[in-house]
Amino acid sequence: MRAIYHFLRRDNVAAIIFVLPFVIGLVAFLLVPMAMSFYYSLTRFNILRPPEFIGLDNYRRMLQDVRLRDSMQATFYFVFVSVPLRLAFALGIAMLLFKSTKMMGIYRAMYYLPSLLGGSVAVAILWRRMFFVTGTFNSILDVFGLNRNFPWLGDVRTAIWTLILLAVWQFGSAMLIFLAGLKQIPDSYYEAASIDGAGKSRQFFRITLPLITPTIFFNLIMQTIGGFLTFNSAFIITEGGPLGSTNFFALYMFNHTFAWSNAGYAAALAWFMLLLLAILASILFITKRFWVYEGGFS
């Protein structure tokens, strides 16, 4: 009782009041749904009927799920291609926008705009129409005499690349983080390098790139997680096709829940993805000491 009394003293009441909404939100919207999801992953559940406990059957089913294997293959290909391209593009644009001018704020806002709009349904529909056989992209090729009415969204070789292009176009958030990292590098480093005769290219590889490796690491973690959770573009633009070439993991899980009435298996897939992301993040953190500079600035 004395411990409770000391905890509820007047000087602690304000802290409790301010922290309580966060604790309630954490429990109600994160911990409880996670617990329910784990329980449903151990059941046969289709939303319309009460769940039936089946133990680890859903997890055993994954070992024999050919569609899951194809979905993971498409997801890994998408992530391992789009994330490096997006980071490289974001860093390049950040370097261009690093200088301070009167219009630079407007330029930065314009370059960030695709990240705000890129995940929307409207942009996905627009992107889909751009790559129709009679769409904008083929019309541009027609100007140069290259148009063969190629079905970009209907060909297994090119459908996923339309989604990769959309993902790379949404580079704004990574660009802003790179800009913040570039601003932390002291100008004296570049001045000393210029005095020693180092050119712009040498300065980039010897100063800029090593000192922003912590920023690269942060962006790599966040963009990789976001890449594995890609849903809107695959659902709206290609609908997982053709022949499952863009049936990303999030879309596959969505179909099990709402299209195929198998929410229990979808919950198991969600926990599998959580485990997979944890493993990938662990690998990145383990290898971090080999390429991320953490010496700070002097």
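**Pocket and cavity briefing**

In this predicted model, α12 (213–228) and α15 (263–291) each contribute at least two residues to the lining of the largest cavity. The largest pocket draws at least two lining residues from each of α10 (187–195) and α11 (200–211). The protein chain has 15 helices and 2 strands.

**Largest cavity**
- The count is 1 cavity of 30 Å³ or more.
- The largest cavity holds about 40 Å³ of space.
- Its lining consists of Ile221, Thr224, Ile225, Leu277, Leu280, Ala281 and Leu284.
- α15 provides the largest share of this lining, 4 residues.
- By class, the cavity lining has 6 nonpolar residues, 1 polar residue and no charged residues.

**Largest pocket**
- The largest pocket holds about 330 Å³ of space.
- Met95, Phe98, Lys99, Leu182, Asp187, Tyr190, Lys200, Gln203, Phe204 and Thr208 line the largest pocket.
- α11 gives the most to this lining, with 4 residues.
- The pocket lining divides into 5 nonpolar, 2 polar and 3 charged residues.

**Whole chain**
- Of the 298 residues in the protein chain, 38% are buried.
- The chain exposes about 18,500 Å², and carbon and sulfur atoms supply 69% of that area.
- Among contacts with a separation of 6 or more, 67% join residues 24 or more positions apart.

Definitions and conventions. Residues numbered from 1 in each chain as written. Predicted model: local features only at pLDDT ≥ 70, side-chain atom pairs only at ≥ 80, totals over all residues. Heavy atoms only, no water. Buried < 20%, exposed > 50% of the residue type's maximum accessible area, 1.4 Å probe, protein only. Contact = heavy atoms within 4.5 Å. Areas by Shrake-Rupley, 256 points an atom, 1.4 Å probe, with all protein chains shown as cover. 1 Å grid on protein atoms, 1.4 Å probe; cavity = no way out; pocket = protein on both sides within 12 Å on 5 of 7 lines; lining within 4 Å. Points joined across faces, edges and corners; volume = space filled by probe spheres on them. Nonpolar A, V, L, I, M, F, W, Y, C, P; charged D, E, K, R; others polar.
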